[in-house]
Amino acid sequence: MERPIYPLKNMRITQGYQEGTHMDSYAIDDAGLDTGIENVYAPFTGTIKKIYTKDANEIWLESDSPVEYPDGTIDYMTMLLAHDNDISDLYVGKKINQKEVFYQEGTAGNATGNHCHLECGRGKFVEPGWLPNQAGYYGIINGKKPEDCLWLESDTNIIDNHSYNFKTIPTSTEEEIEQLEPEEPPTNTTDPDEENIEDKPEESPRLIYTCKKAGLYGIYLKENEQVFLK
Ligand SMILES: [Zn+2]
């Protein structure tokens, strides 16, 4: 299952959510490394569901499958992006692969400098894509905080994260170590008095970890915890 990635290589959030023109929404603006125009990479494999050329060249990209949110949610995701100056290469129904460059920063619409306006919505695209909010601005339907929706890649260059606590995609080694942690033991329904642990033969290991490659593996153990290695 895909993890939606933060769509810019350089994170420089110039306006956060619930402030300015983002009042009453979870929209953010990212201006990238500098004042120039930077590429925007597809957060997930998806399909363009709507294009709106009368304002800021807004586009809506819906994931083709459910994705894994950093907050644990598993669901489809729809993203709204704005301000690309030229979207003549995009059309409704176009398929985009994850990490493919499909959009750019720009100044289309009400923008003072090159940036990309980003909004995440939980679930599939819902017509008409956005609705006016209480503050009078349009916001994506089912909007959700970007740090609860998008993962950073290990090489994302953070210039300004606006104090948002984004998670980074764990490396494969970190995930293997996570799998080492034993599952909850089954609930023991027998009378504890009947059980004589001393008489029992050596307890069989609850989990056997198969080492995929040679290397140094670190695990955290609490006092009196045991490890079974084969
Ligand atoms: Zn914005």
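The questions and answers below go from the whole chain to single residues.

This is a predicted model, in which local features need pLDDT of at least 70 and side-chain atom pairs count only at pLDDT 80 or more, while totals for chains, interfaces and linings use all residues. Residues are numbered from 1 along each chain as its sequence is written.

Q: How many helices and strands does the protein chain have?
A: Helices (H or I, at least four residues) and strands (E, at least two) are DSSP runs, numbered from the N terminus. On that basis the protein chain comes to one helix and 15 strands.

Q: Among contacts in the protein chain between residues at least 6 apart in sequence, what share joins residues at least 24 apart?
A: Two residues are in contact if their C-beta atoms, placed from the backbone, lie within 7 Å. For the contacts in question, the share is 65%.

Q: Is Gln-18 buried or exposed?
A: Gln-18 lies in the loop between β1 (10-15) and β2 (28-30), and its phi is positive, near 60°. A residue is buried if 20 or more other C-beta atoms (placed from the backbone) lie within 10 Å of its own, exposed if 12 or fewer, and partly exposed in between. Because Gln-18 has 12 C-beta neighbours inside 10 Å, it counts as exposed.

Q: Which residue does a cis peptide bond join to Glu-127?
A: Most peptide bonds are trans. Here omega is about 0°.
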